[in-house]
Amino acid sequence: MTDSRMTRVELLRRGAAGATVLSLPALLAACGGGGGGGSSGELNDVLNFSNWELYIDTKKPTTLQQFTKKTGIKVNYYEDVNSNPEYFAKVQGRLARGEGIGRDIFVSTDNDRFVGEYVDNGWVQKLDKSLIPNISNLVDAQLHPPFDPDRAYSLPWLSGMDGIAWNSDLTGPVTSVDQLFTDPNLKGKVTVWNSIGDTLGLVLLQNGDDPAKVTDAAFDRAIAKVQKAVDSSQIRRFTGNDYAQPLANGDLAACMAWSGDVAQLIADNPKLHWAIPEQGGTIWTDNMFIPLGGSVPTASTYMNFVYDPQIAAQIAVGTSYISSVKGVKPYAVKLDPKSAANPLIFPDDNTLSQLHQIDTAMLSNPEYIKKWLAVQGQ
Amino acid sequence: MGGFLHRHRGLTPYLLLAPGVLWLGIFFLVPLGFLGYESLQSGLFPDFQFTWEFSNFSNGIRDYHEQLVRSFVYAGIATVACLVLAYPLVYWIAFRAGPWRNLFLLVIVAPFFVTYLVRTLAWLNILADEGPVVGLLRDVHVLAPDGRLLATTFAVVSGITYNFFPFMALPIYVSLEQIDPRLLEAAKDLYASSAQSFLRVTLPLSAPGIVAGTLLTFIPAAGDFINAALLGTPSQAMIGNVIQAKFLVSLDYPSAASLSFILMATILVLLLVYARVVGTEKLTG
């Protein structure tokens, strides 16, 4: 610049450029396209993706980097899903007003009622399946989930299994919910999840009831069993995923635990073990959705990319969670033979046959929720 | 602008007030109005109707009085514990620490550089069953061999006490620090014993700090839910936990909103009683 004095126009332009550099991508996304990640019909050069923490591969070149290289679409990846209810509470107001949330994809787990709320209230958009030829790689078991019977709105991200973990310094194998709830050796050193579907799923199976079709009587039986274990001080607390540290510390002898968490913990802690209870376990799945205001073509392009078995294998190995993409295992063996042999990440058919799905009607029944919170003193 | 202000001098105080009033209006009163509106609705998510549903309030008290009372008991114990622990400490810092004052104050405030949640999570490790604290207490037979501190009322109240400690300590420090040392000398000259000069000079002069400290501790502590959630069991659930679960888990916004109002109203009543007992002039210093 020759003139040392800045004109007003220049000042404004510089200010704007400075603001653009400084501001968070979130702010930009929130400003553009009516609060969405862009208009719903256009392919954008940026994808805004909300996911749980530590829930994608990090080894370079990461799948996100490969996606950008392949398609030219940059990804703003937000690890801002801390819990399904909290994320829902954060976005429901804007979605209810038909506004976008600055995201093209977010994930939500089917062991909570919210997957149903998003679909039933029309707050998510249909996938553009013409852009997702790889959808043919979706495993059969995931084709018809109750909240989205034709997979019109959602595709699985990753899955995990509900089971029981124990610390072999403090106890022998804990192989059933009844043992977890009554073994005097475990008294006060047991936790269960604070989410209704996960905990009661295992309890229903213990009682010989079907977690995929819950009757009032079966529900009450399950609640009574948990209440008894709370009253006898067998159960110490209701947790989110904050059981991992206490279990490793020895504050807990055994607890209900998610396969992926434990798969990661066992790597450093040979005294930790995990199993599906004898009466069976449950499987849950995180699902990718396109919220109102999100760009359907951009999101669909990404979904197609992660349904390539080679990419899906890298994500599964990198996170220790289960992929719903057919044909991942041969690629996983090449990437990391040890993970590929881990039944918690790549369960065999025998394991999968012991897993049940959870009744979504149970998850949103207000009376059930009330009783479930009452057991937790709430 | 200058000319305008000069001509309308009477407006100046209002203009100075405006930013604060606007701030409170937008970020406090408007949301409070929404909350009040929500608390009188009925129905199931997401189809709530405004029906003047006053039964939300009576049902809230009927179903959750236990957690409500528990919250005030815990907050009360924690407030007293904060006062008993903080007063001698800041007294010592204000009158005896000399040049080290600022360092000690920094030590009190330092934990606040870490987020609330992480501070509370740290207690999970400090009080762990197999940790050093519990180990020591077991060795000296304060705790039974299978006794524990975590997941007890003691852990929850201790957590609250710890987390709100600086809110008690700092206002008391400020009021002690402002005491003119000549007043204490005068008390001595008039043959007051140290106990008398403390009771009749220091304590009354630090009362505004105590009042401010108790309010700053008690009010947020009564609505706290993190400590009960992480350090307690279902039998330690506080009203904050209930409200949180109503908002996030059962999506019962009307009940959650009415319970929030009940909590607010109860705090307000307790505050008025407190002001009445200690005298309003102490609230304002």
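## Overall make-up

Chain A holds 17 helices and ten strands. The model is predicted. Chain A has 378 residues, and 48% of them count as buried. Among contacts in chain A with a separation of 6 or more, 79% join residues 24 or more positions apart.

## Confidence

The average pLDDT of chain A is 88, and 89% of the residues score at least 70. Residues 1-38 of chain A are another matter: there the pLDDT is below 50. This stretch still has 40 contacts in the model beyond near neighbours in sequence. Where pLDDT is low, the predicted coordinates should not be read in detail.

## Two domains in chain A

Chain A splits into domain 1 (28-153 + 290-307) and domain 2 (161-283 + 354-375). Their centres, taken over C-alpha atoms, are 30 Å apart. Seven residues from domain 1 and eight residues from domain 2 make the contact between them. On the domain 1 side, two of the residues are nonpolar, three polar and two charged.

## Where chain A meets chain B

Next, the contact between the chains. Here 22 residues of chain A are in contact with 20 residues of chain B. Four elements of chain A give two or more residues to its side: helix 4 (84-96), strand 6 (235-239), helix 9 (244-249) and helix 17 (366-375). Helix 17 gives the most, with five residues. By type, the chain A side has nine nonpolar, eight polar and five charged residues.

## The nonpolar core

The largest nonpolar core has 153 residues. Ala254(A) and Ala316(A) touch the most other members. Helix 7 (residues 153-177) of chain B supplies the largest share, 13 residues. Domain 1 and domain 2 of chain A both give residues to this core, so it lies between them.

Take Ala316(A) in particular. Leaving aside neighbours within four places in sequence, Ala316(A) is in contact with Leu158(A), Tyr321(A), Ile322(A), Ser323(A), Val328(A), Ala332(A) and Ile345(A).

## A loop residue in chain A

Leu43(A) sits in the loop between helix 2 (25-31) and strand 1 (46-52) of chain A.

Leu43(A) and Ser300(A) are 257 residues apart along the chain, yet their C-alpha atoms are separated by 9.6 Å. Not counting residues up to four places away in sequence, Leu43(A) touches Ser295(A), Pro297(A), Thr298(A) and Thr301(A).

## Helices in chain B

Helix 3 (residues 55-96) of chain B has a kink of about 75°, centred on Tyr64(B). Just after this helix, Gly98(B) takes a positive phi of about 55°.

Ala222(B) belongs to helix 9 (residues 194-222) of chain B. Ala222(B) counts as buried because 25 C-beta neighbours lie inside 10 Å. Ala222(B) and Val69(B) are 153 residues apart in sequence, and 9.6 Å apart in space from C-alpha to C-alpha. Residues up to four places away in sequence aside, Ala222(B) touches Ser71(B), Phe72(B), Ala75(B), Leu263(B) and Ile267(B).

Key. Residues numbered from 1 in each chain as written. Chains lettered and ligands numbered in written order. Predicted model: local features only at pLDDT ≥ 70, side-chain atom pairs only at ≥ 80, totals over all residues. pLDDT = per-residue confidence, 0-100. Contact = placed C-beta atoms within 7 Å. Nonpolar A, V, L, I, M, F, W, Y, C, P; charged D, E, K, R; others polar. Core = buried A, V, L, I, M, F, W, Y, C linked by C-beta atoms within 7 Å. Buried ≥ 20, exposed ≤ 12 C-beta atoms within 10 Å, placed from the backbone. Domains from an automatic or database assignment. Bend = angle between axes of the 7 residues up to and from the residue.
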